[in-house]
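Please look over the model below before reading the points that follow. They concern how its parts meet.

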Amino acid sequence: MPTHPSETSSARATERRWWPVVAPLAFIAIAASLILPAGRHQWALSLFRQPTYYTSLSFGRAWALPSTAARGAPLTFSFSVGNHEGRAVTYRYLISEGPAGKGQVVVKQSMKIVPPGTTWTLSTTVRAACADSPCRVQVSLPGHPEMIDFLVTLTAKRAEHG
Amino acid sequence: MAKQEGRHRSRVSDVGRDIPSDYNQATGSTPRHSYEGGQHNAKFEGSARALDDHPQDALSPDVLRSRDNSQRPPAPSRSPWFAAAGLAILIGAANVLAMTGFRLQYVGPALGFWFVLALPAYLLYTTTTWRGSSGAERAGYCVAAVVLLLIVGGLTINTILPPLGIARPLDPVPVVVFGDVLNASLYVFRLRRKEEFPWRTYIRALKPSEARLIVSGLVCVLLAVLGANRLNNDAGDQVALAALGCIILTILALLGRQRQLSDSVMSGTLYFVSLAILLMSSLRGWYVTGNDIQSEYRVFQLTEAHGRWSMTAFHSAYNACLSITILPTEIARAANIDSPYVFRLFFQFLFALCPVLAYTFWRRYAPKLVALVAVIYFIGFPTYLYDMPGANRQEIAFLFVSAAALALTNSRWPRAWRRLALFAAGVGVELSHYSTMYMFIATLVVAWVLGSLVRLPGRRNSSRIASSEQAASWARGRPTIGIGSVLAAISVLLLWGGLATQTAGPLVTDVRDAVSEFGHPTAVTPYSLFSRATVSTQRLLDNYRSGALRQNTATRGSEYFSAATVARYPTPLDNEPVMPLTSIGRLLSRVGIPVETLNTDVRQGAAKDEQLFIAVGLAAFVFSRRLRGRTSREVVCIAAASIFMVALFTVFPNFSVDYSASRAFQQALIWAAPVLVVGSIAIFRLFGRRTSVRIAACVSMAIFISTSGFLPQAVGGYAAELNLNNSGQYYDYHYMQPQEVAAVTWLEGKPGVLPAGLQAPIGSTTSDPFAFNDLANVTGMQSVGDIYPALVKRSSWVILTYTILRTGRAPLYTDGELVTYRYPTAFLQENKNLVYDNGGAEIYK
């Protein structure tokens with residue numbers, strides 16, 4: 001026997017419909033959260049990928065950095081500063097050198113405003129003048145934790161031998 | 001018995017046999033009439049009776065048609081041209097978007113997925129082929145069939161088109177044309193077998209309480225997505241925890257209202273709950289996060305980059321899995337979406353069907369409550385929660401195993417059909433994942449042997465057994481698994497794994513090693529049925545250190561740093577710290593509850609409980625003729641065989657190392673979860689029939705609340721889980737950070753990196769040689785070495801990852817175990833050049 005429609009309706013009426021109340025409330029809550037900047041930020045955190053900001057520092061031709069040099073001889077190398085901070089940043093680099101594990105002496109520095117998403121590449125020459133060998137040549141960015149370095153084993157000046 | 005089997009037969013049997021009377025009494029329901037295997041007759045006298053007697057099929061097209069006709073005036077018929085035009089526009093749009101590569105955010109991928117998977121599944125779903133099957137069962141058959149068609153069809157065009165001059169058969173155009181042909185073929189197939197799918201009626205037929213549950217499941221999915229995104233953006237765990245809370249509440253609501261709910265509503269809600277659990281893990285990170293998924297993603301990328309799948313491009317067992325090569329490439333082409341999302345999103349949509357199919361399979365023999373509790377154990381098992389979203393090939397393979405379980409026990413089909421379906425599912429499993437196939441075949445073989453042994457006394461005493469109603473039920477029907485089906489499955493394995501891809505060889509080696517190393521435990525198997533002595537992590541680290549030093553000293557020349565240099569830098573064991581206590585945890589601690597111990601005890605107790613429950617459940621089936629009489633002999637044999645296989649994994653630890661005992665257990669649960677539930681009910685039987693069922697349900701929920709991470713997250717004092725935290729072992733070693741990706745990109749193409757000049761800790765992309773190479777130049781000879789100090793080469797590139805820089809802990813993988821130790825960064829700083837630094841990754845040369 002098919003069920004009479006009125007029987008079904010009465011049976012259903014015993015169960016409360018909730019969506020007419022909950023749906024407008026949810027809509028109002030979402031709309032209110034979108035009006036407030038903090039709410040919009042929270043939605044953005046929940047829905048979209050937020051960029052990761054960082055600075056990269058690296059040597060050019062990292063596989064061919066000088067490993068030995070005569071004391072006082074020029075050391076030529078290049079390095080790059082990559083700006084992934086999402087804004088223009090004024091980078092100042094310091095090139096320092098000193099015996100491995102001991103204090104460093106700044107031998108060169110410079111600064112430049114680097115636009116976001118770009119890389120500042122520069123080539124430089126310093127003289128290997130550490131008191132002891134091996135000598136650590138270090139590139140750092142004050143105000144940023146990034147730092148790169150390489151070790152050079154110093155030999156006596158060629159002229160002295162000659 | 002054989003005479004009773006027919007194409008559309010429907011034999012009425014006493015539910016007192018199909019559904020244990022204990023459960024009926026315990027749940028307060030009276031014995032009802034059902035049909036063999038829990039399936040229903042196509043004809044119903046009335047909708048009310050249909051709903052009451054066969055809740056599993058309450059929303060099947062047959063029932064709904066009668067239900068709808070009786071309740072509402074007929075809906076105004078719409079012109080079929082209107083629907084056809086809409087369909088054509090959608091298909092055309094999907095074609096254009098996929099072929100042109102034009103990216104339409106959100107809409108484009110959804111349309112592509114609909115075109116390549118949902119539409120073919122719908123066309124199959126709405127045929128009379130599955131008449132009599134419930135909605136969930138139909139969905140399982142259809143989705144599995146379409147996935148198999150995509151894999152086999154993809155393989156076919158991959159083989160046929162290149163000789164015809166199309167060098168890249170898996171590029172967008174051929175794939176989309178193949179999709180069109182597939183849809184057109186299924187449309188034609190459907191013309192003469194069409195069955196209406198009144199989806200509007202489905203929705204109208206829902207009671208408000210049922211709609212609430214389904215919406216609750218949808219909210220779980222929404223919160224899971226938002227929660228994962230927030231964690232990825234370092235915005236806290238609140239929403240992820242809310243998602244888990246919502247999941248728990250939804251399951252509790254299902255438990256509380258299961259008697260009033262139809263199986264369709266249960267299935268729908270369980271689908272969303274299962275999906276939410278998967279997405280909580282799969283959506284962590286902005287790349288692919290997990291262990292196996294890194295390698296899976298690389299072979300997928302290899303296929304996508306070449307526009308063609310080929311074993312010669314990279315000979316590995318992963319590359320032989322078409323579920324992670326051809327299938328994702330087809331989906332990616334059609335959906336035109338960032339490749340990681342094929343795994344992270346679409347594969348989870350597919351795998352979330354698995355618990356639903358398992359539930360439908362269990363419902364053939366068990367009442368709703370038992371099947372529901374079995375699902376709770378299935379989705380609450382840590383492997384499902386944390387590992388499966390990172391093992392996509394196994395997800396697809398499990399989908400086929402679940403479909404095989406349904407087909408194998410579909411008494412509506414003649415035996416030949418069941419065997420054919422079993423064979424097709426076996427093909428799907430083999431093409432998807434080799435290990436799952438090994439386990440699948442071994443289970444079939446053991447089940448067949450068991451079945452034969454059980455039948456022997458039955459034949460001798462056939463006259464006595466025939467007089468027993470229960471025994472008749474137990475032995476009812478001819479078994480699907482025979483020597484022919486077993487040999488057919490083995491032949492599939494030999495043809496694909498042996499002949500076509502030549503990747504099955506390691507199986508023989510592994511079996512030989514496992515047997516030869518029997519009795520020498522090396523791996524921890526926390527879910528073992530037979531606990532074995534295990535080696536401590538300190539011992540594992542010591543062994544590794546000894547081995548590394550031996551390798552170091554045995555190598556002539558100055559390839560490595562000298563042992564004396566290395567000895568200056570100790571590498572002590574450094575285990576992952578537990579989460580600090582939360583305010584609730586501190587409160588509990590103040591009243592004398594040791595929170596850390598509580599968490600550990602609950603988690604270990606859960607593992608031991610599940611082992612105990614399974615053992616007791618199995619014993620119950622062995623010793624209780626009444627229990628056996630309520631189910632099928634073949635199913636009990638398969639369940640016992642799957643448990644036997646897991647036990648075998650723990651007896652031979654080598655299997656655990658190579659194939660993961662926990663995943664084997666997850667696979668076994670597809671067959672044996674109700675045995676576990678029966679065991680838990682039997683253990684609590686002394687509290688009374690009704691109470692024992694309730695206690696069993698409560699225990700399953702308690703285990704779920706612990707294993708899902710909700711309890712540890714709420715109180716602290718336990719290891720952090722990836723789905724709720726930006727910390728913990730999984731996060732540290734499998735979460736890919738943008739800075740790591742940048743470092744890998746910087747290193748790519750530098751001289752001397754590959755084939756063997758690179759060293760990196762395991763995890764994320766840094767230990768994957770593919771990441772440093774053009775996909776066209778990938779070979780199996782490229783490798784990434786470990787960074788353990790004694791093994792660091794003077795000339796190599798060494799990467800220190802985000803985790804090492806932040807925590808100082810480094811991982812190593814030895815004897816199947818992850819061991820963490822404090823990495824002596826000073827060793828690299830003092831002996832190598834630091835050539836790259838971005839704050840989240842460092843590269844030394």
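The points below take the chain interface and then the domains of chain B.

1. Basis. This is a predicted model, in which local features need pLDDT of at least 70 and side-chain atom pairs count only at pLDDT 80 or more, while totals for chains, interfaces and linings use all residues. Residues are numbered from 1 along each chain as its sequence is written, chains are lettered from A and ligands numbered from 1 in the order in which they are written, and side-chain values use heavy atoms, with hydrogens and water left out.

2. Extent of the chain interface. With contact defined as heavy atoms within 4.5 Å, 45 residues of chain B touch 37 residues of chain A. The two chains bury about 3,200 Å² between them, 52% of it on carbon and sulfur atoms; buried area is the accessible area (1.4 Å probe) that two parts lose on being put together, summed over both.

3. Polar terms between the chains. A salt bridge requires a side-chain nitrogen of Lys or Arg within 4 Å of a carboxyl oxygen of Asp or Glu, and the rule finds zero of them between chain B and chain A. Polar contacts link 14 residue pairs across this interface, both residues at pLDDT 80 or more. A polar contact is a pair of N or O atoms within 3.5 Å; within protein, one must be able to donate a hydrogen and the other to accept it, and residues adjacent in sequence count only if both atoms are side-chain atoms.

4. The chain B side. Elements that each supply at least two residues to the side touching chain A include helix H3 (47–53), helix H10 (208–232) and strand S7 (834–837) of chain B. H10(B) provides the largest share, nine residues. Helices (H or I, at least four residues) and strands (E, at least two) are DSSP runs, numbered from the N terminus.

5. Strand S1 (residues 54–59) of chain A and S7(B) run antiparallel and are joined by two bridges; strands pair if DSSP finds at least two bridges between them. A:Leu57 has B:Asp837 as its bridge partner.

6. Domains 2 and 3 of chain B. Domain 2 covers 352–514 + 602–733 and domain 3 covers 536–577 + 736–845, with bounds from an automatic or database domain assignment. Their centres, taken over C-alpha atoms, are 39 Å apart. Six residues of domain 2 contact 13 residues of domain 3, and the two domains bury about 830 Å².

7. Salt bridge between these domains. The rule finds one across this interface. B:Asp732 forms a salt bridge with B:Arg809, the closest N and O atoms being 3.6 Å apart.
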